[in-house]
Every structure is written in structure tokens, then in C-alpha cells.
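Please keep the sequence and the model open while reading.

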Amino acid sequence: MSEGRVVGIDLGTTNSLVAYMQGDAPVVIPGVDGSNLVPSVVALDPMQEGGRPTVTVGNSARRSLIETPERVVYSVKRLMGRGLSEVQRELSFFPFHLASDVQEGEVPRIQLGEMRFTPPEISAYVLRQLKRNAERFFGEPVTQAVITVPAYFNDAQRQATKDAGRMAGLEVLRLVNEPTAAALAYGLDRAKTGTIAVYDLGGGTFDISILKLNDGIFEVQSTNGDTHLGGDDIDNLLLAIALDEIHAEHGIDLRQHPSAVQAIRKAAIDAKIRLSADQSAQFDIELPNGDRYQREIPRDVYEQLIEPILERTAGPCKQAMTDAGITQEQIDEVVLVGGSTRIPAVRALVDSLFHLSARGKKPHTDLNPDEVVALGAAVQASILAGSSQTTEELLLLDVTPLSLGIEALGGVVARIILRNSTIPASATEHFTTGVDGQTNVAIHVVQGERELAADCRSLARFDLKGIPPMSAGLPRIEVKFLIDADGILHVSAREQRSGKAAEIEVKPTYGLTDEQVETMILDSFDHAEEDFAKRLLIEARNEAESILAKVAQARSNPAWSHLTGEEQSAIDAARDHLASVNAGEDTNSIREATLALDRTTQHLAELMMDAAVTSAIRGKTMEAAGEELADNVTAPHPMAPAEFK
Amino acid sequence: MLNVLDSAVPVSCWSCSVSHQSSTLFCPHCSKIQPPSGGNFFSVFGLEPRLELDLGMLEHQFHKLSRKLHPDRYARATDSEREWSLADTALLNDAYRTLKDPIRRTEYLLKLSGAEIGEEHAGKTAGAGRTDPSRVPVDLLEEVFELNMQLEEMRAARQAGENDPHLQQSLTAAKTKFDGLMDDVDSDLREQWTAWDSGDTGIRANAQKTMVALLDRRRYLANLVRDVTETLGA
């Protein structure tokens with residue numbers, strides 16, 4: 001029995017977070033840079049002479065988006081657990097590409113500079129960063145985690161997420177559905193009862209879940225969604241419009257210029273965010289030929305443009321209510337989750353879908369929509385660890401989002417576990433042979449709601465082998481399908497007449513084999529998993545060097561002269577102290593001295609920030625803007641400006 | 001993905017060695033979870049097979065047992081305990097899902113009593129089985145024949161992009177009628193529940209036969225209603 005900490009991780013399309021239960025409240029663990037959000041961006045730095053390429057994650061990886069877009073991956077969650085044909089269309093919107101020799105049936109690999117990575121490997125880098133942030137925060141190893149996934153993720157997408165955890169050196173104790181996690185973060189109070197709907201519109205996915213709360217039990221009644229619907233779609237829409245207009249008006253096809261596309265994408269995201277607060281937003285972009293593309297987007301035009309996207313959330317909401325057997329009026333509370341729920345048009349749609357203002361109600365938005373899922377994951381982590389009295393009486397009963405079926409005669413689907421069944425759930429089916437002496441039977445398992453297997457998502461093909469040769473129809477093979485608490489399928493079989501457990505060969509339609517995952521464990525690639533103390537020392541030194549360099553730079557900033565002589569000498573003293581302990585081997589002294597220097601320079605940093613803000617002018621070159629956003633550590637999107645309240 | 005579940009039944013607790021009944025979920029002595037005993041959907045709730053159930057009580061029991069059995073409670077337990085918790089919770093969830101629905105509950109109990117029940121899954125008999133003429137209830141023969149003609153016409157009209165308000169009206173009327181017939185079947189079923197629950201072996205056998213026929217008729221009606229709804233909504 002392991003007694004280490006269990007952390008909760010929100011592995012998001014745009015940003016990822018790690019949180020834990022501090023006493024009786026969940027809190028987010030910040031990174032080295034003080035930011036709660038780690039952008040889900042992974043970059044491969046150019047190879048040093050004779051060395052290996054280094055992988056960077058988060059804010060530092062974002063810097064590369066404009067400089068070397070072909071070496072950066074983001075929104076990889078959209079590619080998790082999907083096959084070649086499915087990701088090809090999706091990738092047309094992104095600057096990165098698949099490796100040229102990927103075959104249908106393989107897990108697609110993304111070409112990054114001179115290396116290739118599967119989506120779970122990319123996610124593993126993000127997870128490892130979060131793991132390290134947590135280890136740095138606790139000062140001890142973290143090996144167990146709860147990771148959230150969109151409720152509407154299918155089996156392959158869930159398995160890919162678990163694989164990513166394993167590659168990052170994390171034992172994934174549970175996959176929790178994001179909307180359910182959000183409900184947990186809101187419903188810590190055991191006295192809460194009633195029916196709540198969680199509307200979760202993030203960067204790349206949409207989920208709706210309806211839950212019944214009763215004496216600490218969170219029982220999901222139904223869930224629905226779209227794993228390819230979110231803020232990214234709005235960005236892509238605005239981006240496509242701008243690119244078309246630039247092509248038409250200026251005769252330049254920017255689609256051929258990845259870094260220009262990234263610059264326009266950034267402008268589109270800026271405009272989207274501004275339009276949540278303002279009545280209009282402007283595009284003002286310098287084109288490679290020196291022309292300017294200028295355009296104003298009034299809020300009403302914007303809302304008309306995005307209406308078809310937002311409207312796609314209505315169907316799943318209605319279906320979820322039908323499946324739960326309730327009407328809008330029976331929903332007591334609505335919780336909004338995901339950055340895209342800041343859009344006023346989204347709130348208006350939610351209001352009308354659930355008749356909120358008509359009933360004198362408002363949706364819950366008191367927890368930061370970017371953090372609430374991670375906070376809920378931390379609550380679930382605490383439930384699993386059994387480490388907190390607050391969570392002792394809480395229990396989450398979740399459901400499977402999609403029906404499980406097997407392909408029957410004529411390609412028709414026989415459903416064996418219906419959607420919205422509480423998990424774990426199981427079903428037992430019997431199979432026999434069609435030909436005398438037949439010794440194996442093939443079973444095709446699919447997930448989805450359509451009548452024909454060809455229209456559903458293929459999960460796996462099972463080959464039942466070693467059936468004793470008998471007359472046709474005589475063997476009776478009992479196959480048990482079990483969906484576990486992570487929403488992942490397990491299959492076991494036994495031949496009842498011989499009593500033998502049948503041998504099953506599984507061919508997952510999409511996904512990595514155990515052996516493949518094993519070879520992708522990050523530390524084996526990194527080939528240098530130093531012992532933990534050594535790693536902490538290296539990390540502490542890196543932090544120290546980074547702040548020392550910043551302070552050296554800041555001394556030549558005009559803001560330095562605005563400090564009092566006292567402040568200046570205090571900074572110098574703290575700097576000298578850090579420089580001296582950094583030469584030693586004591587991790588804690590280095591860290592303390594780093595924090596001390598950080599505190600002493602706070603006023604200086606504020607002065608510099610103010611100066612930067614006042615001097616900021618619109619229409620600067622994209623390179624300058626790129627630098628600026630790369631330095632901006634709290635941004636909620638790889639390309640977006642700082643979080644707004 | 002592959003996991004062979006073994007359900008061997010020990011006679012004494014694996015943890016404290018005190019012997020117990022093989023059908024228990026937890027050791028009465030040390031409260032540790034026990035290997036799955038292969039109980040049925042009623043026994044997992046500690047119930048005798050019955051058709052009239054107090055659903056409030058069932059939900060209460062479901063929550064109470066979930067709190068003790070759920071894999072969340074065994075995240076850091078031994079591999080065996082985790083496996084048993086998974087198997088038992090799946091059984092509990094399957095049981096609750098089946099027993100809280102009156103039709104699924106009836107089908108389950110009848111199967112448990114050895115009755116042959118038609119396929120209960122939507123889709124399993126899709127295609128050819130939908131309106132299998134050999135199973136048309138005799139009293140509905142004429143109407144079903146008429147209805148199928150109308151459904152064909154409606155689909156043809158839809159394909160040609162036409163709309164026939166008269167046909168639509170008559171299909172809607174048919175749907176209302178079949179909905180009503182389903183309600184009749186449901187109340188007939190309820191009468192048989194009481195008979196089965198309180199009756200002796202002979203009465204039970206009769207009730208069982210009647211219920212099997214009623215369920216067949218209901219399944220047939222449900223398929224018709226679905227076909228009409230789909231065609232109208234297409």
C-alpha cells in the first residue's frame with residue numbers, strides 16, 4: 001500500500017493544471033514562474049551541436065510558436081486516441097504535420113523537427129511538467145494522479161490518456177470526467193441536494209452532464225457532448241475569414257506562411273477575448289509585403305458568425321435532459337466550466353436552454369472556469385487517497401457516455417451496455433461456432449449510437465481462440481464485457497462446456513500496445529532519470545540562474561533608477577547571497593535565497609511592468625508581439641494575452 | 001484490456017480466516033471485501049426475487065452499498081481487493097439499472113425463473129426482426145398490415161421530397177393508438193406482478209406464462225411505435 005500524495009490533473013486542450021487537497025480545500029499548484037496554468041504546448045528546441053534535442057513545455061514552448069512553428073505542437077488533445085483519417089482534416093488548421101510515412105491503422109506520429117512523437121507522448125511531456133511542478137512544490141516525489149478527460153471521450157481516447165500518464169511516470173489511479181470533476185469542486189458541501197447541470201465548453205471539447213446530488217453522492221444521470229467543439233473552432237473560423245479576406249484584398253495567400261498564420265491566429269484569439277467584454281474588436285496586422293490588414297468586428301456580427309458553432313451545444317443538452325428523464329424546470333443549478341463560457345453569447349444560450357433567468361436563476365461561475373476541473377480532480381484524488389475527512393463521505397457515480405455494442409449478422413449493432421449506464425458496468429454474451437470443428441470466433445466491439453457497426457466507432461476486434469473442436473453451434477463461449485470506473489473496456493471469455501478460459505487476442509483499432517507504451521516511457525527516452533535529490537538541485541540551480549540573469553538585465557532598465565538607494569542595495573545583497581549559495585550543493589538554501597531575491601525585487605518588477613504597459617502600442621511588429629506574449633506567463637492560451645477576471 | 005475474472009468461492013475469509021456464507025459481500029467478522037460470489041441482481045440487494053419493489057428503498061440501498069463497494073474505496077488496496085470491488089460494483093450497478101426499470105425487472109425475473117424471453121436489446125433484432133410477421137399478435141394483424149403499407153408510402157413520399165398531411169395524420173393517430181395499447185399491457189403486467197409475488201407455485205406458473213406473452217406483445221408494440229416515430233420524425 002502506497003501512502004504518497006495523489007494529485008489531481010486537468011490535462012486540457014489549451015492549458016493544463018495540477019492541484020491537490022490542502023486541508024479541506026483544493027488548491028492549484030503553481031509552476032516555477034508562479035503561473036497556475038501550464039499551456040499544453042510542447043516544443044522541440046533546435047539540436048545543439050553534438051547534443052540531443054531538448055523538449056520544452058508550457059510558457060517557454062510558446063515562445064517557439066512564432067519563431068519555429070514547425071517545431072511546436074499544441075491542442076494535441078484533439079488527436080488523442082484517433083486514427084490517421086480522423087486527424088488529417090483536423091491537422092489542416094495546425095502548423096505541425098504528421099510524419100510522412102504514417103500508415104492507416106497505426107497511431108499517427110507528429111513530425112517535430114527531426115523527431116516524431118505520438119499524441120500520448122506529447123501529452124506525457126505536459127504531464128511530466130505538471131508532475132515536476134508538484135514535486136518541486138512538495139519537495140518529494142509524486143507518482144500517483146487522477147487525470148480528467150472530457151466526459152464524451154471514447155474508450156480509445158481514455159486509453160491514450162492513461163498511456164500518457166504511464167509514459168510520464170504517473171500511476172493513473174482514476175480518469176475522471178471533467179464536468180463531474182467540476183461538480184465535485186462546487187459540491188464539497190455534503191448538505192447540497194438537487195439536480196445540477198454542468199455545461200463545459202473548453203478550448204477543444206464540449207460536455208454536458210446532469211447529476212443528482214444526495215447526501216454526498218454525486219450520481220451522474222446522463223452525459224452528452226462533442227469531443228471536437230470548443231473555443232478552437234471560433235479561432236479557426238475567425239482565422240479562416242481573415243486569411244480569405246487578406247487573399248482577396250491583398251493578393252497574398254498567407255496559408256503558405258506558417259508563422260504569418262500563427263500571427264493571425266493570435267490576433268483572432270485576441271479579438272475573440274476582447275469581444276467578451278467590448279462591443280467591437282479590431283484586426284490590425286502588418287502583412288509580409290508591408291501592407292496592413294485592418295478590419296473592425298462589431299459584437300453583433302461576431303455573434304452571428306459564431307452562432308452556428310454555439311448552436312451545436314444545444315442538441316447534446318436536450319438529449320442529456322431527455323436521457324435523464326427531466327425537463328429544464330427540474331434542473332436546480334447550472335455550473336459553467338471552461339474558458340469559452342466567458343463568451344456572453346454562450347451565457348445567453350445557456351440561459352435560454354435551461355430557462356434560468358425566467359426562473360430567477362443564474363448559472364454558477366464563482367470558481368475560475370479555467371481551474372475548476374483541476375480543483376475537482378484534486379477532490380477526487382483525496383477521495384481515492386482516503387486522506388481527508390472533508391472527502392470521506394463523498395462518492396462519485398459516473399456513467400459511460402456511449403453505448404457499447406458488438407457487430408452482429410449483417411453489420412448491425414447489438415447493444416450490450418447502453419449509454420448513461422453507471423460504471424463499472426458489465427454485460428455477458430454467449431457466442432458459438434457456425435462451422436463444425438471451428439476453433440476460433442471473431443468479435444468486433446464498437447462504441448456509439450448508430451444502427452450499423454460501420455457508422456460506430458470501432459474499438460477492437462477480439463479473436464477467441466483455442467475453442468475445443470466440436471459440431472457447429474455446440475460450443476458455448478461466455479464473453480464478459482466490463483467497463484471499469486475509468487470508462488475503459490475489459491473483456492474476458494470462457495468456453496462453458498470445457499470450462500476453459502478462452503484465449504483472447506485483442507486488436508485495438510486505434511491505440512498503442514503495452515510494449516509500445518513501455519518503449520515510450522519518457523525517462524527511457526531522456527536516458528537520465530537522475531535520482532530525485534539531484535534533480536531537485538538542478539532545478540533549483542536553474543531557477544536561481546534564471547532570476548540572477550533577470551536581475552542583471554533589470555539593472556539596465558530605466559525602472560532601476562526609480563528605486564531608492566536602500567532598495568538597490570537590498571537587491572544587490574540578496575543577489576550576492578544567492579550567487580554564493582548557488583555555488584554550493586544545498587537545494588534548500590538555493591531555493592530560499594531565490595525566493596528572497598524574488599521578494600526583494602518585487603517592487604522593481606512592478607515598476608518595469610507598468611513601464612511596459614504604458615509603452616505598449618497597437619500595430620507593433622508581430623515579432624515584438626511574439627516576444628511579449630512569450631514572456632507573459634499567465635496567458636490562458638498559447639497565443640492569448642493574460643487571463644482576465 | 002484483457003482481464004480474466006475468476007470467481008472461486010472460499011469458505012472462509014481470505015483476510016481473517018473466519019468462515020462465512022459464500023454469498024456475502026463483506027466478511028461479517030472483519031468487514032473486508034470478499035471475492036464475488038456470483039449472486040443475482042436481487043440477492044446483491046439482499047432481496048428475495050419480487051416484482052413489486054419500493055424504488056425509494058432500492059435507491060437508498062444502492063447508495064449505501066456503493067459507498068462500501070465502489071472501486072474509489074479500494075484505490076490503494078491489494079490487487080485482489082481492487083478486482084473484487086470492480087466486479088461487485090459492476091454487479092451492483094447492473095442490478096440497480098435492471099431492477100429500477102419495471103420492464104427490465106420483469107424480464108430479468110422471468111429469465112431467472114427459467115422462462116424464454118425474446119431479445120431485450122433494441123438493435124439486436126433490428127432489420128429483419130423488426131416486424132417479424134410470424135410474431136404479430138393475432139388481434140393486430142390487420143392494423144399492422146395497414147400500418148406497414150402507410151409507413152412504406154410515407155418513406156417513399158419523403159424520398160420524393162413530398163409531404164402528405166393526410167398520411168401524416170393517420171400515422172400520428174396510429175401512434176397514439178399503439179401508445180395506448182402499450183399502457184394497457186403495462187397495467188396488465190402490474191396485475192400479474194401482484195399475482196406472482198403473492199401466489200403459490202401454480203399461480204406463479206400461470207402468471208409467468210401470461211407475462212411472457214405480455215412482454216412479447218409489448219416488445220412488438222414498442223418496435224411499431226419506434227418505426228412510426230422514426231418515419232414521422234425523419
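Two residues are in contact if their C-beta atoms, placed from the backbone, lie within 7 Å. By that rule A:R295 touches A:E245, A:Q282 and A:F283, leaving out residues up to four places away in sequence. The model is a predicted one. The points below cover chain A and then chain B.

**Domains of chain A**

- Chain A is divided into four parts: domain 1 (6-188 + 372-392), domain 2 (231-309), domain 3 (404-512) and domain 4 (532-631).
- Between domain 1 of chain A and domain 2 of chain A, the C-alpha centres are 28 Å apart.
- Eight residues from domain 1 of chain A and seven residues from domain 2 of chain A make up the contact.
- On the side of domain 1 of chain A that touches domain 2 of chain A, five residues are nonpolar, two are polar and one is charged.

**Nonpolar cores**

- The largest nonpolar core contains 188 residues, and A:V7, A:I9 and A:A19 have the most contacts inside it.
- Helix α11 (residues 372-385) of chain A supplies the largest share of this core, with eleven residues.
- Setting aside neighbours within four places in sequence, A:I9 is in contact with A:S16, A:V18, A:L127, A:L130, A:A145, A:V146, A:I147, A:T148, A:A374 and A:A377.
- There is also a second, separate core of twelve residues, and B:L147, B:A174, B:L224 and B:V228 are among them.

**Packing of α5(A) on α11(A)**

- Two packed helices are described by the angle between their axes and the distance between the axes.
- For helix α5 (residues 178-186) of chain A and α11(A), the axes come within 7 Å and cross at roughly 80°.
- Angles of 65 to 115 degrees count as roughly perpendicular, so α5(A) is roughly perpendicular to α11(A).
- On the α5(A) side the contact is made by A:E178, A:A181, A:A182, A:A183, A:L184 and A:A185.
- On the α11(A) side it is made by A:V372, A:V373, A:L375, A:G376, A:A377, A:V379 and A:Q380.
- Sorted by class, the contact of α5(A) with α11(A) has ten nonpolar, two polar and one charged residues.

**Backbone features in loops of chain A**

- The peptide bond that joins A:I423 and A:P424 is cis, with omega about -5°.
- A:P424 lies in the loop between β21 (413-417) and β22 (425-431) of chain A.
- A:N420 is found in the loop between β21 and β22 of chain A, and its phi is near 70°, a positive value in a residue other than glycine.
- A:N420 counts as partly exposed because it has 19 C-beta neighbours inside 10 Å, whereas a buried residue needs 20 or more.
- A:D215 lies in the loop between β14 (206-214) and β15 (217-226) of chain A, and its phi is positive, near 55°, in a residue other than glycine.
- With 14 C-beta neighbours inside 10 Å, A:D215 counts as partly exposed.

**Two further residues of chain A**

- A:R295 is part of strand β17 (residues 292-298) of chain A.
- A:R295 has 16 C-beta neighbours inside 10 Å and therefore counts as partly exposed.
- From A:R295 to A:F137 the separation is 158 residues in sequence and 46 Å in space, C-alpha to C-alpha.
- A:L409 sits in the loop between β20 (404-407) and β21 of chain A.
- A:L409 has 8 other C-beta atoms within 10 Å, so A:L409 is exposed.
- The C-alpha atoms of A:L409 and A:D270 are separated by 53 Å, and the two residues are 139 residues apart along the chain.

**Chain B**

- Chain B has six helices and zero strands, so that its elements run α-α-α-α-α-α from the N terminus on.
- Chain B has 234 residues, of which 26% count as buried.
- Of the contacts in chain B with a separation of 6 or more, 56% are between residues 24 or more positions apart.
- The buried residues in helix α3 (residues 102-112) of chain B include B:R105, B:T106, B:E107, B:Y108, B:L109 and B:L110.
- The buried residues of α3(B) pack against α2 (79-99), α5 (165-198) and α6 (201-233) of chain B.
- After α3(B) comes B:G114, which has a positive phi near 95°.

Terms used
Residues are numbered from 1 along each chain as its sequence is written. Chains are lettered from A and ligands numbered from 1 in the order in which they are written. This is a predicted model: local features need pLDDT of at least 70, side-chain atom pairs count only at pLDDT 80 or more; totals for chains, interfaces and linings use all residues. Domain bounds come from an automatic or database domain assignment. Ala, Val, Leu, Ile, Met, Phe, Trp, Tyr, Cys and Pro count as nonpolar, Asp, Glu, Lys and Arg as charged, and the others, Gly among them, as polar. A nonpolar core is a set of buried Ala, Val, Leu, Ile, Met, Phe, Trp, Tyr and Cys residues joined through C-beta atoms within 7 Å. Helices (H or I, at least four residues) and strands (E, at least two) are DSSP runs, numbered from the N terminus. Axes are lines fitted to C-alpha atoms, for helices over the stretch in contact, and angles run from 0 to 180 degrees between N-to-C directions. Angles under 35 degrees count as roughly parallel, over 145 as roughly antiparallel, 65 to 115 as roughly perpendicular and the rest as oblique.
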